[in-house]
Amino acid sequence: MSAEHRITTLDSGVRVVTERVPGVRSVALGFWIATGSVSEHEEEAGISHLLEHMLFRGTERYGSQEIDQIFDAMGAEINAGTDKEATSLYTRVLDRHLEHAFDVMSEMVWQPRFGELEAEREVVLEEIAMYEDDPQDRVFDVLGKAIFGSHPLGRPVIGTSEVISAVTREQLAAFHARRYLPDSVVIAAAGSVDHDALVGMAAQRSPSAGEQPSAIALAPTDANGHRAAAGPEAAAAAAPDFRRRARFLQKDTEQYHVCLGGAGIAREDERRFALRVLEGVLGGTSSSRLFQEVRERRGLAYSVFCFSSLYAHTGDVGLYVGTRPDNIREAMAVVAAELARCVEDPASEEELVRSRENLKGRVVLGMESTGARMSRLGASVLGGLPILSVNDMIERIDAVDIEQVRELARALFGPSTLSAAGVGPQEAEFLAALEPLGALGQAAGAEGSQ
């Protein structure tokens with residue numbers, strides 16, 4: 001746990017951050033790019049996710065199958081992910097393979113050739129279809145629309161089949177040129193890694209500041225040929241309209257999948273440690289109130305939990321429960337009662353201590369993984385957060401007291417302030433089950449049916 005990180009910013013703007021972990025022979029390596037679904041215009045919904053897929057479809061020097069073969073021969077896996085604010089490409093390799101892995105991954109990030117678009121388009125359309133068949137996944141995007149309304153944070157990361165079906169190679173290349181800029185990329189590594197050697201690799205293989213096409217030159221134009229002055233960044237930075245909403249997607253399912261949620265806190269907010277402690281009491285652990293009351297004592301659900309997401313300018317909190325039609329009204333009544341209890345009495349001293357210890361344990365255990373360390377480095381630097389040591393994090397968790405938890409509970413979890421999302425057979429039954437939460441059903445809006 002004594003490992004320390006080092007950060008270097010290249011002349012191009014690329015940032016390199018590493019943490020050497022003694023006693024391991026592997027390196028977790030990741031490229032983190034500041035682009036996600038909030039970086040898209042509405043008519044581009046899903047292009048960040050499709051572009052992430054296209055990174056694997058070949059570069060100037062490496063073919064698609066060759067990339068797979070190279071990492072298979074290393075005994076490694078290479079993967080990628082897209083969320084609302086970032087895209088990442090990552091792997092974990094033996095230290096002797098680091099330079100070769102870095103060479104291939106840097107080409108994937110900086111020089112994709114956007115080949116085999118039609119094949120990968122079909123892959124992503126299949127992913128969307130698979131996703132749309134899963135009501136437990138769909139309800140979280142329905143909740144996004146309920147919480148954020150028309151704000152970009154309310155759009156699903158995966159995008160829409162309409163956009164994916166129509167996007168061209170030229171549009172992908174232009175989006176890549178606008179978003180994959182040197183000062184928007186963080187290269188992170190943890191494990192058996194030498195910082196100066198990795199900086200040398202990055203300096204040799206990353207483009208200079210002037211090599212990438214200008215983001216302004218490639219910005220979208222309106223019907224009169226005028227460049228967009230603000231673009232998606234301004235829309236993403238605008239304050240969301242957090243009015244209460246209820247949204248429902250009719251689908252022939254065996255359960256109702258229900259989420260409640262509302263405004264949260266931004267990622268740099270110092271209350272983030274208190275929020276995680278509060279979540280542990282309310283619904284983040286198997287001894288939490290929601291898990292015990294809804295599942296263990298009454299058998300009303302298999303899965304029930306709470307969650308939060310922290311973004312650059314705002315965030316959200318929420319909870320999920322899946323329950324059969326016969327149980328939905330009772331389950332939501334219990335949830336509403338637990339939310340009201342959370343506001344009035346957010347934690348006993350015993351619950352507070354248990355949640356703090358649980359959180360500290362998960363932090364420390366997570367840091368035993370080089371992959372988790374790399375992800376922490378990349379996400380922190382990309383998001384402008386300080387990279388806290390394990391001891392710093394433990395101190396901040398230990399400092400969470402009942403007053404901080406009570407303040408957050410009152411601000412974020414009042415049952416009469418939360419929006420609702422549902423996926424299930426009948427909208428009327430869903431709305432009726434929301435009655436213990438107040439007049440939310442009056443704000444309902446359907447998301448369609450399937």
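1. With which residue does Glu-338 form a salt bridge? In this predicted model, the partner is Arg-341, and the closest N and O atoms of the pair are 3.2 Å apart. Both residues belong to helix α12 (residues 328-344), where they are three residues apart, about one turn of the helix. Glu-338 is buried, with a relative accessible area of 7%, whereas Arg-341 is partly exposed at 33%.

2. Other salt bridges deserve a look alongside this pair. A search of the whole structure finds 29 of them. Glu-293 forms one with Arg-298, with the closest N and O atoms 2.6 Å apart; here Glu-293 is buried, its relative accessible area being 14%, while Arg-298, at 39% relative accessibility, counts as partly exposed.

3. The salt bridge between Asp-196 and Arg-6, whose closest N and O atoms are 3.2 Å apart, links distant parts of the chain, since Asp-196 sits in helix α8 and Arg-6 in strand β1 (residues 5-9), 190 residues apart. Arg-6 has a relative accessibility of 43% and therefore counts as partly exposed.

4. Helix α8 (residues 195-205) also contains Leu-198, which counts as buried because its relative accessibility is 0%. Beyond residues up to four places away in sequence, Leu-198 touches Val-16, Thr-18, Leu-29, Leu-98, Phe-102, Ile-187, Ala-189 and Val-193.

5. Strand β6 has pairing partners in both senses. With strand β2 (residues 15-20) the pairing is parallel and extends over six bridges, and Glu-19 stands opposite Ala-190 of β6. With strand β3 (residues 26-33) the arrangement is antiparallel, joined by seven bridges, and Phe-31 stands opposite Ile-187 of β6.

6. The contact is made by Arg-356, Glu-357, Leu-359, Lys-360, Val-363 and Val-364 on α13, and by Val-390, Met-393, Ile-394, Ile-397 and Asp-398 on α15. By residue class, the contact comprises seven nonpolar, no polar and four charged residues.

Definitions and conventions:
Residues are numbered from 1 along each chain as its sequence is written. This is a predicted model: local features need pLDDT of at least 70, side-chain atom pairs count only at pLDDT 80 or more; totals for chains, interfaces and linings use all residues. Side-chain values use heavy atoms; hydrogens and water are left out. Helices (H or I, at least four residues) and strands (E, at least two) are DSSP runs, numbered from the N terminus. Buried means under 20% relative accessible area, exposed over 50%, partly exposed in between (1.4 Å probe, protein chains only). Contact means heavy atoms within 4.5 Å. Ala, Val, Leu, Ile, Met, Phe, Trp, Tyr, Cys and Pro count as nonpolar, Asp, Glu, Lys and Arg as charged, and the others, Gly among them, as polar. Two strands pair if DSSP finds at least two bridges between them. A salt bridge is a side-chain nitrogen of Lys or Arg within 4 Å of a carboxyl oxygen of Asp or Glu.
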